[in-house]
Amino acid sequence: MSQQPSVILATASYDHTIKFWEAKSGRCYHTIQYPDSQVNRLEITPDKCQLAAAGNPHIRLFDINSNSPQPVRSFDSHTNNVMAIGFQCDGNWMYSGSEDGTVKIWDLRAPGGCQREYESRAAVNTVVLHPNQTELISGDQNGNIRVWDLTANSCSCELVPEVDTAVRSLTVMWDGSLVVAANNHGTCYVWRLSRGNQTMTNFEPLHKLQAHNGYILKCLLSPEFCEPHRYLATASSDHTVKIWNVDGFTLEKTLQGHQRWVWDCVFSVDGAYLITASSDSTARLWSMATGKEIQIYHGHHKATTCCALHDGAETSPY
């Protein structure tokens, strides 16, 4: 590709493709075939140069600025669906969580494979990195939330908000002040995070939110440049995404338009827009100010399962 667009927007689908889109026009300008498996999660590296695709059981890293259909790197030691991936803020290492019951860390500066592995003892659905860059928080199919202290190299905390109710998604506020866990009963549990006497993070229960009647498939707190507004987005099997004001957890807006389950969502860097991905085979761009649909990304032939957005600058490019 001759010139990298300022906005990197990618989606993946059960049709075994990854597509790159012009966010404003809705035009698909590049498609990567992904024959190995479905793609469960997409994540863009902090430098906007590479896209990680989590499949079953591999993670593939693609060069965003290349037309080559081949990944530049593959990570192969998981043994089941990889459900979560993300990057340390400088892009030095990547983390992943899998239905094989493990959380892994991969050194991206070295050619070797897995650097560390943590055992969750149940299928891992979601993993997030605390903004302090030293703790990973995972949620699993048995309802366990665990904090993995990367400095001590051990599990420092375990929580079970609802026994035997799968934790589907976790999100942490950009300043590390809150964590939200969403489950299969449509409930969000909110904790205030504080530092204990040592380095360990303490969870102080703050709120329980019955957000949807169906599953919550993704929850996401708004980014730093959205301040002073703070929002929680919840994407659900009920075909909607709801936007909640974190101050009191009141419902601000319900985004309606998708015809099937909404699997994923991602905020623009300033929190003014939201991208969503749905089983109706589309991704959509929404205005947070109006709650209205601005663009629909048509092109996938089966369920669109995940989306990734990196729009770089602090001001909105749309």
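So, let's start with an open sheet of four strands, ordered β20-β21-β22-β23 with antiparallel pairing. A strand here is a DSSP run of E, at least two residues, numbered from the N terminus, and two strands pair if DSSP finds at least two bridges between them. β20 (216-221) and β23 (250-255) sit at the edges with a single partner strand each, so one side of each has no neighbour in the sheet.

Before I go on: this is a predicted model, where local features need pLDDT of at least 70 and side-chain atom pairs count only at pLDDT 80 or more, while totals for chains, interfaces and linings use all residues. Residues are numbered from 1 along each chain as its sequence is written, and side-chain values use heavy atoms, with hydrogens and water left out.

Back to β20. Five bridges tie β20 to β21 (residues 231-236), and the two run antiparallel. One to look for: I216 has S236 in β21 as its bridge partner.

Now, β20 also turns up in the largest pocket: β20 is among the strands that each supply at least two residues of its lining, including β4 (41-44) and β8 (82-87) too. By pocket I mean an open set of points on a 1 Å grid over the protein atoms alone, where a 1.4 Å probe fits, with protein on both sides within 12 Å along at least five of seven lines; lining residues have an atom within 4 Å of a point.

How many residues line the largest pocket? There are 47, and E43, F87, Y95, L220 and P223 lie nearest the centre.

The second largest pocket is lined by 15 residues, with N40, M83, E99, R168 and W263 nearest its centre.
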